[in-house]
Amino acid sequence: MSIGSFARKAGLAAGALALSLAASAPSARAFCGFFVSGADASLTNNASQVVLLRKGSHTVLSMSNNYKGPPEDFAMVVPVPVVLKKEQVKTLATDVFRRVDQLSAPRLVEYWEQDPCYVPPPMPPPAPGAMYAPMPTAVPSESSAGRFGVTIEAKFDVGEYQILILSAKESGGLEAWLRLSKYNIPKGASQALAPYIREQMKFFVAKVDIKKVHRDKNGLVVLSPLRFSYDAPELRLPVRLGLLNADGAQDLLVYVLHPSKRFELANYPNVFIPTNIEVANDVRKDFPSFYAELFDETLRRAGGRAVVTEYSWQTTSCDPCPTPPLEASDLYTLGDEDFVGSAPSAPTPPGRPGAAPVSSRGIPYFGSPPSYVLTRLHTRYDKKTLDADLIFREAEPVVGGRANWEGGLGDQGAQVQKGGESNFQGRYIIRHYWEGAVKCKNPRYGVWGGPPGSGYNPGGAGPVEPAQDLANTARGRFKLPAVITSGLPAFGIPAQKRALRPGEAAPR
């Protein structure tokens, strides 16, 4: 296929996620992008996900974006620090993003108060020589050009994408060539491209055939994620180029995986989502909407320019677990041999020779998976709130949002500490208080467990529901003071009073 035909067939695009890694030179090298089109219709991006695996100076970056627009072919333009080779670019199945998202998403748990008059039978004495085993723990488990100063450095196919690697001498020439090639690029592209051209960046152009992608339940086109690998001393995520065609507020989720470190932003305020909050039973009907209100209020109180830490935990465990911890197959899909070694037996998706191996649950690529720290960073932004590239740095461990046998430690905030492991999550609790008869003289209230009929299981919780797809979640369905029953002093929300039962002491 000629370059001209490639450009003419390239379809509609919009403001996409800006991604970056610094190159080995001292100056910052960005990795960012926008979508371009050959038509006047508009296609917009409202949510982006990025997974960064970091080890030393080596980084593997995977990105996934959702879009809406007419069913035409479209293409993507992404600045990259070097001329990428075919073997450095992979497509991924979307399921691995779903698992990372689900594992780290804010979660809703339910507890039922156990019969306050129940007296458990005594435990039988152990048989001679018998030993009790400890509780099991989780296993440490992407011709005319020359006249405009544009050079085609490489061309290859990977999975569903047809890829060009371009270089340019000046931004006006690159913009003129793209427009001559029938790309309807967003206004202001030349100005936004200029810093990357000055830094001698290359431009990754990936054509996508819309017939080969699918739509999610909201009608948004879901592109197969792309994975790239680099050696880079810094971690950067520029957003300026991706804001050119932003259609209102956009959600950005960044997941950073590192062998031992949590990550935060170096150049934007960092805040933690309030956690271990007790909420009304109505929240169960639409937990994502409740969480969206809490997240928006957290961001508003930080001036709208902060990045919210929602999760930081080892990948080999979770408590509670909305999905099993990450397996070796997930880490292999998101990383490369520098992270998890080679996996010659790992299968690739049928008919997709350029794709990374299938991330099927249960495929024992390497036996027990290594343990990484998974940090989930979330912001919701527009052209006014994010105006500089995001720069990441290592941070001290954090704890918060954990449970005890009564369902929660009462820690609504995060505690940053030196040493130890990160155990922080956004966790929200519905409590079902005992409403049955109380037939004993000294009832013991406050013993929590699973739902009625599940047996006496203090400490056990009901199903765990994660809050996902927050970019498309309806806002305005809940007022926080009306549904936060335990109160949230940091937000000036008092606790709701509850009638006491016979023999129950008033809460302190």
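Predicted model: local features only at pLDDT ≥ 70, side-chain atom pairs only at ≥ 80, totals over all residues.
Residues are numbered from 1 along each chain as its sequence is written, and side-chain values use heavy atoms, with hydrogens and water left out.

Because seven of the seven residues of strand 7 (residues 107-113) are buried, this strand is largely enclosed by the rest of the structure. Strand 7 pairs in the parallel sense with strand 25 (residues 427-432) over six bridges, pairing being assigned if DSSP finds at least two bridges between two strands. Within strand 25, Arg427 is the bridge partner of Arg107. Strand 7 is also joined by two bridges to strand 26 (residues 448-449), and these two strands run antiparallel; in strand 26, Gly449 is the bridge partner of Trp112.

The chain as a whole has eight helices and 27 strands, both being DSSP runs numbered from the N terminus (helices H or I, at least four residues; strands E, at least two). Of its 508 residues, 56% count as buried. The accessible surface of the chain comes to about 21,900 Å², of which 53% belongs to carbon and sulfur atoms, with areas taken from the Shrake-Rupley method with a 1.4 Å probe and, for residues, with only the protein chains shown counting as cover.

In the largest nonpolar core, which has 38 residues, Val89, Ile163, Phe204, Phe228 and Phe392 touch the most other members; such a core is a set of buried Ala, Val, Leu, Ile, Met, Phe, Trp, Tyr and Cys residues joined through side-chain atoms within 4.5 Å. A second, separate core has 27 residues, including Leu299, Tyr428, Ile430 and Phe478. In soluble globular proteins, nonpolar side chains tend to be buried together.

The structure also holds two disulfides, each defined as a pair of cysteine sulfur atoms within 2.5 Å. One of them is formed by Cys117 and Cys440, with their sulfur atoms 2.1 Å apart, and because the torsion about this S-S bond is about -80 degrees, the disulfide is left-handed. Cys117 counts as partly exposed at 21% relative accessibility, and Cys440 likewise counts as partly exposed, at 26%. The other disulfide joins Cys318 to Cys321 (S to S 2.0 Å), and with 115 degrees about the S-S bond this link is right-handed. Cys318 is buried, with a relative accessible area of 12%, whereas Cys321 is partly exposed, with 38%. With bonded cysteines counted along the chain, the disulfides follow the pattern 1-4, 2-3.

Among the helical residues, Glu175 has its place in helix 3 (residues 171-180), and at 16% relative accessibility Glu175 counts as buried. When residues up to four places away in sequence are not counted, Glu175 touches Ile185, Ala189 and Ser190, a contact being defined by heavy atoms within 4.5 Å.

Technical notes:
Buried < 20%, exposed > 50% of the residue type's maximum accessible area, 1.4 Å probe, protein only.
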